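Hello,

Here is the structure I said I would pass on. Please open it first; my notes follow below.

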Amino acid sequence: MFGWGKHRLPEDFFQGACDVHCHLLPGVDDGFATVEKSLHALRKLEEKGVRKMILTPHFMKDYPENDRERITAKFVDFKAEAAAACGIELRLAAEYMLDARFPEHFKQGFLTLDQAGTHVLCETSYLMYEHGITEMLYDIMCDGLQPVIAHPERYQYANKANYIRWKDKRYKFQLNLLSLGGAYGDPAYAKSHEMLKEGMYDYVGSDMHGLSNFKHFLPEIKLSTKEMDQLLILKENNKKLFV
Ligand SMILES: [Fe+2]
């Protein structure tokens, strides 16, 4: 599966790292289910060297109870518990599905990845291009905000022409780290390596929903020197979001 001359992530890859996409806020979506599990993961990540994490719970029609007010209150409670358990700095943002509830979230004001309040993490359905996506992304830009497309490599309907069109519109791309290890299947694996080599990504996130996937697929990641160089650029870009 892997070509000659590829290498695993170095042991110190996570030293000083900032994760920009994870589902560590417990009990609010399909991510970590309990405070204990989230705190356990935070301690493990701190041991690896992670310093900052942006928590990005799902805002989508599948979780109608998740709105800005509820999630912010949950985050305030969790942040206090996390501060007593580890030294990782936490920030709250969200992962917004471009679906029928999106206009409502737009009206409430976005929980953004950056302090300046501009970078909006967006995802689409994996399976098909849904009506209205183009308009929703356009509306974000028109409001002076910056769409960041979560894990573009995972969208089965998207081909190279789609990705180029999005980049031409100045949307930023966030790579799921584990795509590079095959966690989401062969098409996402192939696309992630190709787009990384071509310098199409801006940020890298774990999109962690639990620790097991991470443990299993992290050792599967093998990168060429060029890919590793690109990945290190993304790691630095992540840090600039959380200042
Ligand atoms: Fe996610």
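Helices (H or I, at least four residues) and strands (E, at least two) are DSSP runs, numbered from the N terminus. Residues are numbered from 1 along each chain as its sequence is written. The model is predicted: local features need pLDDT of at least 70, side-chain atom pairs count only at pLDDT 80 or more, and totals for chains, interfaces and linings use all residues.

Sheets

Strands of a sheet pair through backbone hydrogen bonds, either parallel or antiparallel. Two strands are taken as paired if DSSP finds at least two bridges between them. V148 stands opposite K172 in strand 9.

Another open sheet has three strands in the order 2-3-5, also with parallel pairing. Here strand 2 (18-19) and strand 5 (89-92) are the edge strands, and each pairs on one side only. Strand 3 (residues 52-55) is joined to strand 5 by four bridges, and the two run parallel. M53 stands opposite L90 in strand 5.

Two helices

The axes of helix 1 (residues 35-48) and helix 2 (residues 68-85) come within 10 Å and cross at roughly 45°. Axes are lines fitted to C-alpha atoms, for helices over the stretch in contact, and angles run from 0 to 180 degrees between N-to-C directions. Helix 1 and helix 2 are therefore oblique to each other (under 35 degrees counts as roughly parallel, over 145 as roughly antiparallel, 65 to 115 as roughly perpendicular, and the rest as oblique). V35, L39, L42 and R43 in helix 1 meet F78, E81, A82 and A85 in helix 2; contact requires C-beta atoms, placed from the backbone, within 7 Å.

Two positive phi values

Most residues other than glycine have a negative phi. H151, in the loop between strand 8 and helix 5 (160-168), has a positive phi near 30°. Is H151 buried or exposed? H151 is buried, with 24 other C-beta atoms within 10 Å (buried takes 20 or more, exposed 12 or fewer, partly exposed in between, with C-beta atoms placed from the backbone). R170 has a positive phi near 70° and lies in the loop between helix 5 and strand 9. R170 counts as exposed, with 9 C-beta neighbours inside 10 Å.

Regards

Note on methods:
Two residues are in contact if their C-beta atoms, placed from the backbone, lie within 7 Å.
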